[in-house]
Amino acid sequence: MSLQDPRSKIKDLIPKHIGIILDGNRRWAEENGLPTMEGHRKGADNIEFVAEALFDKGVEYVSLFVFSTENWKRTTEEVGYLMKLFVKLFKKDSQRLIDRGYRILFAGRRDGKINKDISEAIEDLEDSSKNGKNGTLVFCFNYGGTTEIVDAVKGIVESGINPEDIDEQTLSENMYQPEVPPIDLLVRTSGEQRISGFQLWRAAYAELLFIDKHWPDFSPADATMIIDEFSARNRRFGG
């Protein structure tokens with residue numbers, strides 16, 4: 001009788017892919033008597049610390065919902081500030097993640113709504129981090145779950161594939177960043193209990209966890225907590 005390597009059991013307790021809906025920046029600012037924009041700035045600053053904490057625990061992929069296709073409906077002032085914040089995040093702040101050996105990808109539409117500075121920053125960041133081996137951080141930017149599925153279907157149609165040959169694998173191969181695996185644990189901060197279209201395809205069998213804490217207050221200790229919560233659950237995948 002062969003003995004199972006205990007390291008493989010430990011690995012099974014660590015989610016391979018964690019997705020996080022970063023919610024509560026504006027509420028955090030309000031509760032702390034600060035301008036709304038300060039909440040967004042604090043939330044952006046928190047990304048690096050939480051991502052690194054999750055990778056240090058053995059998580060291989062971390063997807064962050066940072067800006068949805070619906071977020072364009074916010075005020076011109078807020079959207080403008082967010083775009084400047086993303087330019088800083090993608091051009092400067094993320095360099096520290098590259099230096100630590102993380103790969104960075106983007107999921108979402110790359111259409112005319114995105115200004116040139118951000119488009120160039122996205123391309124540069126993906127290219128300069130392509131050899132990262134210590135974990136993959138996915139920024140879901142200008143992203144919508146239903147939009148992703150629509151775009152996947154369009155890609156299949158344009159490829160001319162026979163409808164009888166289309167299966168789940170075909171759709172998976174046409175999603176944004178198809179090499180990114182299904183989500184094991186989907187977390188939303190700030191107490192809202194909905195997924196708002198985040199990663200609809202990859203989250204089909206994800207464990208869901210809703211946390212009352214606002215994103216700017218989410219800490220490396222909370223990263224440990226969500227992994228512990230995941231390890232205590234019994235995943236059945238419909239069985």
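Is K88 buried, partly exposed or exposed? I looked this up first. K88 has a relative accessible area of 36%, so I logged the residue as partly exposed. I note that I am working from a predicted model.

**Entry: the partner of K88**
I checked what the K88 side chain meets. K88 and D93 form a salt bridge, at 2.9 Å from N to O. I then looked at D93 itself. Its relative accessibility is 9%, and the cut-off for buried is under 20%, so D93 counts as buried.

**Entry: K130 and D127**
I turned to another pair. The side chains of K130 and D127 make a salt bridge, with N to O at 3.4 Å. I recorded D127 as partly exposed, because its relative accessibility is 48%.

**Entry: R235 and D184**
I looked up R235 next. Its salt bridge is with D184, and the closest N and O atoms are 3.0 Å apart. This pair links distant parts of the chain, 51 residues apart. I placed R235 in the segment after α9 (220–231). I found D184 in the loop between α8 (168–173) and β5 (185–188). D184 has 14% relative accessibility, so I marked D184 as buried.

**Entry: the count**
How many salt bridges does the structure hold? I noted 24. The pairs above are among them, including K88 with D93 and R235 with D184.

Notes: Residues numbered from 1 in each chain as written. Predicted model: local features only at pLDDT ≥ 70, side-chain atom pairs only at ≥ 80, totals over all residues. Heavy atoms only, no water. Salt bridge = Lys/Arg side-chain N within 4 Å of Asp/Glu carboxyl O. Buried < 20%, exposed > 50% of the residue type's maximum accessible area, 1.4 Å probe, protein only. Helix = DSSP H or I, 4+ residues; strand = E, 2+ residues; numbered from the N terminus.
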